[in-house]
Structures are given as structure tokens and as C-alpha cells.
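Dear colleague,

Please find the structure below, together with its sequence.

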Amino acid sequence: MQDKNKPIWAKIPNWVWVLISFACAIALWLFASSQLPAVFAPPTEVWAAFVSKIESGILLEHVWASLSRVLIGFGLAFITAIPVAFLMAWYDPIRHIVEPWIQFVRNIPPLAYVFLLIAWLGIGNESKIAVIFIAAFLVQVVTIYQGVKGVDTTLIKAARVLGAKQTDIFFKVTIPATTPFILVAARLGLSTSLTTLMASEIVGGDRGLGMMIQQASGYYQMDTVLLGIIMLGIIGICFEKIVRFLERRFTGWQETVQQ
Amino acid sequence: MAGNGSAVKVHVDHVVKKFQTRKGEMTALNGVDLDIHENEFITVVGPSGCGKSTLLNIIGGLETPTDGQVLVDGKPVNGPSPERGIVFQQYALFPWLTVIKNVMFGLKLQGKSNQEAEEIARKYLKMVDLEEFANHYPKELSGGMKQRVAIARAYATNPQVLLMDEPFGALDAQTRTQLQQELIETWEKERKTCFFITHDVEEAIILGNRCVIMSARPGRVKDIIDIDIPYPRDQATKMSPRFLELKNEIWSQVYQEYLSVRK
């Protein structure tokens, strides 16, 4: 037997591990709720809150409000970050002017400038999307810029020798060589968008998971608070899975396969 | 003399290349004159930093000389062209394309149909014995196989001149010997004009009709040695007295240049 020296857990398949991990999390949760029931609402109550909010349709409204903000903010940031990153990589004057801005704003927590945007755009959807846009744009532009800068010059030389003109080089070398960075940027951008969502929903509005959590915490409805947190976690994991899938689909050729 | 008698393919006419560096102007090439004849296999040796690669890039059209010019078939070189294929030391395969798509890259740019490009690509993959890897990605290949693909890709567009910049430099000794053998055999069949840079004197002798020895920086042509060993050549050639004689002669000249840099 080849497996003789392997520990027993090496034989457990991955999906079983997922179940075990899930069961342990529930156990920890049950333990926490037995100690501090007022803070950690037990799973049954959270489940009940989930069912009643699904039945009333309010949960989906919250999820949709948040999801649409995240996706619009992220989407706008994504399609803006790509050309800006390319322009920065190609034209030094643009880089010299824009890069310090990016570095400066990047380190400011979005919560700090959300009020400025609210004063400008009001407390509606625009300001919320704008906060997400800024945060997601900054993280993506930096990542894509590094990708464009890092395109192997030997590949460009090789393409030129084989007869490639400027547009050929752009579409047949630069774009594919940058794709892994664009997908990494998308992943970082989505998780930043989700993080920033909470800052964006801090003020005003009546729909959104952030709003739901805030309102519920005001009434000390910890089951709803936990429900909101878990929903955000699920959305985050779904984003991650989608981008991972795209990465496997489009950048499986990479030498260093990411795990 | 080898190479004489056939037309001059590449005429390197007093090429000077200067670079601006932080420490001021640096002369990489200081008046290089060289004729490469049709169907000739020229090898180039010289100490590190003597401008071998710069010369290759200028012939390839990837760099422009500060002074002088390069003529191919009497016409000045003006930018890169599929007429002058280059094989790089770092393989330079497109990692997102399969092996066959890599070989087809230049053919597609020439406007060939998918079918025609694929046919030609398969022919050259067969030449380098990698047909069964056509649909693999470069990451799945060893260094030697990658360089074979790069050679097939360079051959596929049917260039007039093949420029090779230490193509076997990154390979282990065994793979290098094998690829040398394959390259000799291919050259004997196709007789394509080759300009081959190496730091390995044995490689320069086993492959070339003539060996150009370059001086230490600023690079010039120090000497050109005729390799008067008849083809077909193989690894046993490396044991022949004439080979060893040539090796001594070339190596001592390269070594002198190496010492002059170290001083």
C-alpha cells in the first residue's frame, strides 16, 4: 500500500473536510450562544429570522440593494481602471501626475471620505456607489498597472520579429499577458467593494444589508445582525468562486499556478 | 574559404553603438564590419559585455546603430522583419498559446489562413520532433523542448536569415549537445543563413562555417576563423585533432580579451 505512511486524515476527501469545518463552526457558534445568548443569537433564531425575512421578501430587497451597489460601483471601477492603468504604464507624464494621487487616497479609509461624497451627491444611491467606485478603482488600477508594466519585453521583441505591428502587439501580447493581473485586480476589487459597502451604507437609505445590520443593532436584534453578517460572507465567497473560475478558465496557462 | 563564392547576404557596415548611461556615454560597438554570406553559418564568440547581443539586435532591427548601417540583400535594415528570425536565449514563447499556436503566430500575421498556417506549423514541429506536444502549453515543456518550439517558430515564417542569441545557453550540457546536433542536421538540409551567438567555443566550432571573435568592450571584430572541418559533423568531431587545434586557437584569443577586461 502506497498510502501506508500517510496519516489517516490524508485519505479524507475535500468535501468531507468542508462539512467537518462547517460542523465545527456551528458547534463553536452554539457554544458562544450558550455563554452569551444576548450577543450571539443561536443558529435556530438566525434561521427563523432568515425564513421570516425571506417570506416577507425584505431580505431579498436588502441583498439586491447592496449587491447592485457593489456590482455597479465595482463594474464602473473595473472599466475605468483598465484604460487608466494602461495610460499610466504607457505615458510617463500621466503616471507622474496620477500615481501620487492614487497612493495618497489609497491609504485613506473610505469611511473618512464618505461624508464628503454625501455632501456632494446626497444620501441616495449615487454617493454609495461613488464610495465603492473610488475604493475599488484604486486597488484595481494599481494591480493592472503593475501587470502592464511587467509585460516581458522579450515577448514584445519576439512578436515584432515575427511581423507584429503596434496593434497586433496590443491585442496579441499585451492584453493576454495582462489578463492574469486584470483578474487578480477584479478579485481584489470585488472584496474591496464589499468592504466599502458597509462604509457606504452608514448613512441614509432604508435598504441594503449594511442598513439592515445597523437598524437591527439599534433594536438589539442580534439574530438579524448575524444574518446580515452571514449574508455578506456568502456573497463574498460567491464573488471569490466566480473569479477563481474565470482565472482557471482564462489564465490556466500561467507557469505559477495559484492555489 | 567557407562562405566565399556565394553572395553577401548581410553586410554589416562599420556599425557603432553608443548607450547613454548614468555614468555617461558607453560605447558598446566600435565600428563592426562583417559580411555574412548566403547559406553561411556564422558563429560569434567574445567576452561577456562585448556587444554580441547588441550586434544581433541591430541586425535584427530591434535596435538602431548610432553610426554605420546593416544591409540585407543590399537594402538597409529598418526595423524588425520576419525576413530575419530571432531565437532568444529565454525562449520567448507566448505562455498563453499552445505550442502549435506559438508556431502559427508569425504565419497568421502574414495573413495565412488557419488551415495553411497549421499545416506549415505541423511541418516544423515535426522537424523539431514535437508533433505530439502541439496542444500543450509552454509551461508543460522542459527548457530544451521550449527552445525547440522557438526554433520551429523562427523557421516557420521562412526567414532569409536566422539570428540566434545564445539559444542553448540556459540548457543543461546534455540537452545542449542534443540540440546542437539537431541544429547541424537542420542546417545541412536547409542551408539557411545563420548568425549564432554563443559563449561556448566548442559550440561555435561544431556549428559554424566561420567563427567571429569579438574584442572586449567596445566590441569590434577581432578575428574571423575559418572552421575548415567538413560536414557532416557530429559529436565525434569534437575529438578530432583539427577541432582541438581550432578550439585552442579561438579560446586563447577569447581568453586574451577576457583578461583585458579583468585588468
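**Findings**

Asn125(A) belongs to helix α6 (residues 125-149) of chain A; helices (H or I, at least four residues) and strands (E, at least two) are DSSP runs, numbered from the N terminus. Because Asn125(A) has 19 C-beta neighbours inside 10 Å, it counts as partly exposed (buried means 20 or more other C-beta atoms within 10 Å, exposed 12 or fewer, and partly exposed in between, with C-beta atoms placed from the backbone). Its C-alpha atom is separated by 8.0 Å from that of Gly205(A), 80 residues apart along the chain.

This is a predicted model: local features need pLDDT of at least 70 and side-chain atom pairs count only at pLDDT 80 or more, whereas totals for chains, interfaces and linings use all residues. Residues are numbered from 1 along each chain as its sequence is written, while chains are lettered from A and ligands numbered from 1 in the order in which they are written.

Between the chains, 19 residues of chain B and 14 residues of chain A form the contact (C-beta atoms, placed from the backbone, within 7 Å). On the side of chain B, α2(B) provides the largest share, three residues. That side has 12 nonpolar, six polar and one charged residues (nonpolar: Ala, Val, Leu, Ile, Met, Phe, Trp, Tyr, Cys and Pro; charged: Asp, Glu, Lys and Arg; polar: the others, Gly among them).

Chain B is divided into domain 1 (8-83 + 160-262) and domain 2 (92-158), with bounds from an automatic or database domain assignment. Nine residues from domain 1 of chain B and eight from domain 2 of chain B make their contact.

Yours sincerely

How values were computed
Contact = placed C-beta atoms within 7 Å.
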